[in-house]
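Have the viewer open and follow along.

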Amino acid sequence: MVSFMKRILVVYYSQTGQLKRILDSMVKPISDNPSISIEYLEIRPSTSYPFPWTRHAFLEVFPECVLEKPIRLAPFEAMHSDSYDLIILGFQPWYLSPSLPVSTFLQSPEAKKLFRGAEVLTVIGARNMWIKSYERVKERLEHLGGRLRGNIVLIDRAPNLVSAVTICYWMFTGKKDRCLGLFPPPGVSESDIAAAEKYANAITPLLEQERMVEADEIPLTFGETEINVSLARLENRAKKIFFLWANAITKRPRVRKRLLNIFFVELILALAIVSPVNSLLGLVFNRFHKRRNGYR
């Protein structure tokens, strides 16, 4: 009986390198399997975004990212564009939307060819708010004809306000150490990145037995990330506000810089005031919910 090699394509954009490390950890056990071939396709903007971010660059991507307006990408090509057994798509949320390079890629003719009829697994590396960006990627993949079989999420486990401080420290300094020696390191923890290889152990037998449909159970069986109800509500409200700001900014190019600066002030105030209040209300809601359902 002839045995055919399985092909996996890992598509990703990683500005800081964290997501690439997550993906590397996840596929490491698979890479040791001689019957499985792994290919990487890095999405790269024609003009790279800076890291660490400058304040100007960070604000400039906001309107187009929220509205998912395509940018110019560097040329790319997959080796076996019509014959992958699984495509793993790794992405990060920017402003509660898919990062601009990823949303651009998903609107390209190459993506239409690549994802049509393909089995897809998405992998997200995020601070803590990832639902709205995932919903948009899911919609894009459905439009492209891809079959989304599961979603794996790795987040910063620090409390919301703490992670807001540490992620800003990381984004604007490029340092992933303990801010002021008091805060935890920003981003997904090293232990969680290392533990991501367990997802490969779940995917491999499904690939070998051609039962990728069962990959729908992967996030339910192995995922540690539960949806935080209070954060989900905050994310839903914030997304609507982001759309209003993005539309206003793009329609008024003459005062773009001024509006971006006002938006930045509002964003800081929201992190400083709204976020703690929302976290407190979330704790109260969760405690009430548990008591109502008979938990102590």
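A charge sits over a ring if NZ of Lys or CZ of Arg is within 6 Å of the ring centre and within 35 degrees of the ring normal. This is a predicted model, in which local features need pLDDT of at least 70, side-chain atom pairs count only at pLDDT 80 or more, and totals for chains, interfaces and linings use all residues. Residues are numbered from 1 along each chain as its sequence is written, and side-chain values use heavy atoms, with hydrogens and water left out.

**Exercise 1.** Find the ring that K20 lies over.

Solution. Go to Y40: K20 lies over its face, 4.8 Å from the ring centre.

**Exercise 2.** Classify the pair of Y13 and W94.

Solution. Start with the rule: rings of Phe, Tyr and Trp (its six-membered ring) pair if their centres lie within 6.5 Å; planes under 30 degrees apart are stacked, over 60 edge-to-face, the rest tilted. Here the centres are 6.0 Å apart with 80° between the planes, an edge-to-face pair. Next, place the residues: Y13 is in the loop between β1 (6-12) and α1 (18-31), W94 in strand β4 (residues 93-94), so the pair ties together parts 81 residues apart in sequence. Helices (H or I, at least four residues) and strands (E, at least two) are DSSP runs, numbered from the N terminus.

**Exercise 3.** Are Y13 and W94 buried or exposed?

Solution. Buried means under 20% relative accessible area, exposed over 50%, partly exposed in between (1.4 Å probe, protein chains only). Both Y13 and W94 are buried.

**Exercise 4.** List the aromatic cluster that includes Y13.

Solution. Its members are Y13, Y49, W53, F58, F62, W94, Y95, F172, F242, W245 and F263.
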